[in-house]
Every structure is written in C-alpha cells, then in structure tokens.
Amino acid sequence: MAAAPRSDTVNPLEQGVYHLYARCVRRAMLCGVDPVTKKDYSYRRKWIIDFMKVLAQLFAIDIAFHAELANHLHNVVRNRPDIVATWSDIEVVRRWLTITHLIKSKDGTIKEICENEILIQSKDPERVEKLRMRLSHPSVFMASLCEHVARRCNREDGVKGHFWEERHGCRNLVDDAAIMVCGVYVDLNQIRAGEAQTPETSEYTSAHDRIEAMEARKELGVAMDDHSVDAKMPDNWLCPFTLVEGLDVSVAESRSSVTNTRVSDKGILPIEFTKYLELLDASGRIVRDGKGSIPDHLAPILERLGIRTEMWTEMIQNFDTMFGRIVGASQRVAKHVEASGHSWIHGQNKCRRAFG
C-alpha cells in the first residue's frame with residue numbers, strides 16, 4: 001500500500017508542530033559504536049547538533065525537542081510561516097542560498113554568498129514565494145539536515161549510497177497533549193536505549209541542553225522567562241520551553257528572536273520547565289526500571305492537558321508504534337483526517353483511548 005503524500009500531514013502555510021525522525025540504513029550504528037569494527041562514531045552526533053544549530057538560524061523553524069542516538073534521531077519542530085512572511089525577498093533568497101551551500105559543505109561552515117546571484121533570484125516573484133514556503137517547511141528542514149549528515153559521513157567513510165534508511169518520517173502533533181507526550185518520548189530516548197540512566201546524563205538531547213541552561217541561569221540569578229541572557233545559554237538554539245499568556249503575547253511571539261541563534265522566542269508548552277523536568281524524571285524511572293506509575297502529585301499536569309494517566313506508561317514506551325502520522329485528541333485528529341480526504345488513519349483509535 002502506497003504511503004500517504006507528505007502534503008496530507010504537513011501544511012507549510014499554517015503554523016504546526018511536527019515530530020520528525022530518521023534511521024540509519026540497515027539500522028547500523030553509524031552514529032555510535034559499530035558492533036563489527038568496534039569503531040566509535042559517536043562524535044557524529046555532535047556534527048548533527050552543530051548543523052541543526054546553524055539551520056536554526058536560517059529556517060523559519062522553531063526546534064523544541066531533539067535526540068540523537070547511535071542509529072537514529074528525533075526532532076520536534078514548529079514551522080513559522082508568520083515570521084518568514086516578514087522577511088524581505090533579498091533576505092529569503094540569501095537564507096536559501098546559504099542553506100544550499102551549507103548542505104554540500106565539508107563541515108557545515110557558512111561561506112559568503114554571491115550578491116549578484118541573490119539579486120538575480122530575488123527579482124523572480126514566483127521563485128521567491130517558492131523559497132519562502134521552503135524556509136518554513138518542516139520536511140525541507142529535515143531533508144537538509146539528513147542530506148548534509150549523509151554527505152559528510154559518506155565522505156569520511158569513502159563510500160557512496162544511502163546513509164539514512166528511507167525518507168524521514170513525519171507526524172503532525174495537533175495539540176499540547178500530543179506535543180507533551182512526544183516531547184517526553186524524545187527526551188527519554190537514550191534512557192530507553194540504555195545509553196543513559198537519567199535525563200541530565202542524556203548528553204545528546206534537548207533535556208540535557210535545557211537542564212544545563214537551567215543550572216547556568218541559577219548561577220547567574222536569572223529567571224527562566226528572562227530572555228536577555230538566552231544567547232549565552234546552552235539551549236539558545238532551542239525555542240523557549242514555557243508558552244506564556246498575556247495581552248501582548250500574540251504580537252511578541254510573531255516577531256523574530258531577540259537573539260540570532262533561533263527564529264523566535266515563542267514557547268512550546270503551557271507548563272514551567274521545572275514541572276516538566278519532574279514529570280520527565282519520574283517517567284525516566286518507569287522506563288529504566290520497567291515498572292511503576294506517575295506519582296499522584298504529577299497526575300494533574302497530564303489531566304489538565306487531556307492526557308489519560310493510565311495510558312501514560314504505554315505512550316512514553318511505545319509512542320512510535322502506537323500512533324500514525326497525526327496525533328492528538330480524537331476530534332482534532334478526525335478533522336485533519338477528513339480534510340486530507342481519508343476516512344481513517346493508523347493510530348486513530350489509540351488517540352481516542354489516550355487523550356480525553
């Protein structure tokens with residue numbers, strides 16, 4: 001059976017949150033310790049993160065969660081067509097040409113782009129609009145990351161051919177409940193794989209980055225919602241965690257970031273990071289020990305988002321196989337499915353059971 005077209009899952013013209021993932025060819029440990037040669041390729045995970053940091057400065061994409069493992073990677077991102085719409089034609093072309101040059105570069109280093117080439121392309125309105133859409137397209141972001149990593153690793157190994165198993169996967173996370181479950185699932189990936197014991201020791205994850213930033217803020221005596229020091233923080237390329245409310249939020253969140261390390265300063269979830277970290281830590285123990293349940297004092301966090309607590313352990317263990325390409329409350333999932341011309345998708349019944 002043919003896979004659904006990506007357009008059934010992603011709409012680059014509307015703001016949405018997506019889970020993007022890719023696996024190395026033949027499930028080989030091409031970013032970890034090769035079981036045959038015993039060579040350690042773990043340093044390639046830093047290549048991936050470093051290149052994502054560069055892409056975070058160029059795409060109209062907020063990066064919320066990430067995890068890099070020995071043979072696969074996960075990202076949770078939000079596209080920002082509202083922000084790319086504010087960029088000039090010159091800026092759009094400059095960013096796109098920079099990205100295309102970076103993809104084929106040996107080490108992801110930004111080089112000067114020919115000004116004449118920028119001017120020529122910026123005078124073609126149809127070309128500019130196509131590039132504007134690409135700059136806020138999650139699939140283009142992920143494809144750019146995967147192509148650069150594949151080129152760089154193949155060049156190092158002296159081989160040609162596929163590095164990633166197939167086209168990257170993509171899920172549409174249609175509400176806060178789905179984002180929460182997927183975010184925890186991604187942050188716990190190294191614990192689930194036995195590569196780490198706790199979130200703070202899961203080196204190549206967003207949880208690790210945010211925990212380091214939280215500790216750095218404590219030393220400086222700076223609050224989590226104070227963005228004035230964000231540029232100096234280890235998580236400066238990730239979007240802020242807490243999605244705050246207020247009269248001026250809609251205006252502030254449609255503007256570019258006050259730093260040059262990410263596209264915006266809009267948060268991802270309506271919860272303080274310290275509460276999320278409590279939930280993540282408790283969930284990590286369940287995953288590591290293979291038993292247990294969420295403590296009673298944390299259950300209200302899930303209930304407020306419409307997540308059924310009795311399903312939590314199954315979701316954080318089996319998110320990848322439980323759900324299909326659209327995840328969230330059943331009513332919202334059904335609406336998306338109907339809009340794409342289908343009557344049902346894989347995981348729809350599980351959404352009905354998992355989200356109240």
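1. Basis of the note. Because the model is predicted, local features need pLDDT of at least 70 and side-chain atom pairs count only at pLDDT 80 or more, while totals for chains, interfaces and linings use all residues. Residues are numbered from 1 along each chain as its sequence is written, and side-chain values use heavy atoms, with hydrogens and water left out.

2. Five strands form an open sheet in the order 2-3-1-4-5, with mixed pairing; strands (E, at least two residues) and helices (H or I, at least four) are DSSP runs numbered from the N terminus, and two strands pair if DSSP finds at least two bridges between them. Strand 2 (61-68) and strand 5 (326-327) each have a single partner strand, so one side of each is left without a neighbour in the sheet.

3. Partners of strand 3. Strand 3 (residues 72-79) pairs with strand 2 in the antiparallel sense over seven bridges, and a hairpin of three residues joins strand 2 to strand 3. Within strand 3, Asn 79 stands opposite Ile 61, and Asn 75 is the bridge partner of His 66. Strand 1 (residues 17-23) also runs antiparallel to strand 3, joined by seven bridges, with Leu 73 of strand 3 as the bridge partner of Ala 22.

4. Burial of strand 3. Eight of the eight residues of strand 3 are buried, where buried means under 20% relative accessible area, exposed over 50% and partly exposed in between, with a 1.4 Å probe and protein chains only. Both faces are covered, with His 72, His 74, Val 76 and Arg 78 on one side and Leu 73, Asn 75, Val 77 and Asn 79 on the other.

5. Helix 3 and helix 4. The axes of helix 3 (residues 89-103) and helix 4 (residues 115-122), which are lines fitted to C-alpha atoms over the stretch in contact, with angles from 0 to 180 degrees between N-to-C directions, come within 9 Å and cross at roughly 125 degrees. That makes helix 3 oblique to helix 4, since angles under 35 degrees count as roughly parallel, over 145 as roughly antiparallel, 65 to 115 as roughly perpendicular and the rest as oblique. The contact (heavy atoms within 4.5 Å) includes Val 93 and Leu 97 of helix 3 and Ile 118 and Leu 119 of helix 4.

6. Ser 139. This residue lies in helix 6 (residues 138-157) and is buried, with a relative accessible area of 6%. Leaving aside neighbours within four places in sequence, Ser 139 is in contact with Arg 6, Val 10, Arg 167 and His 168.
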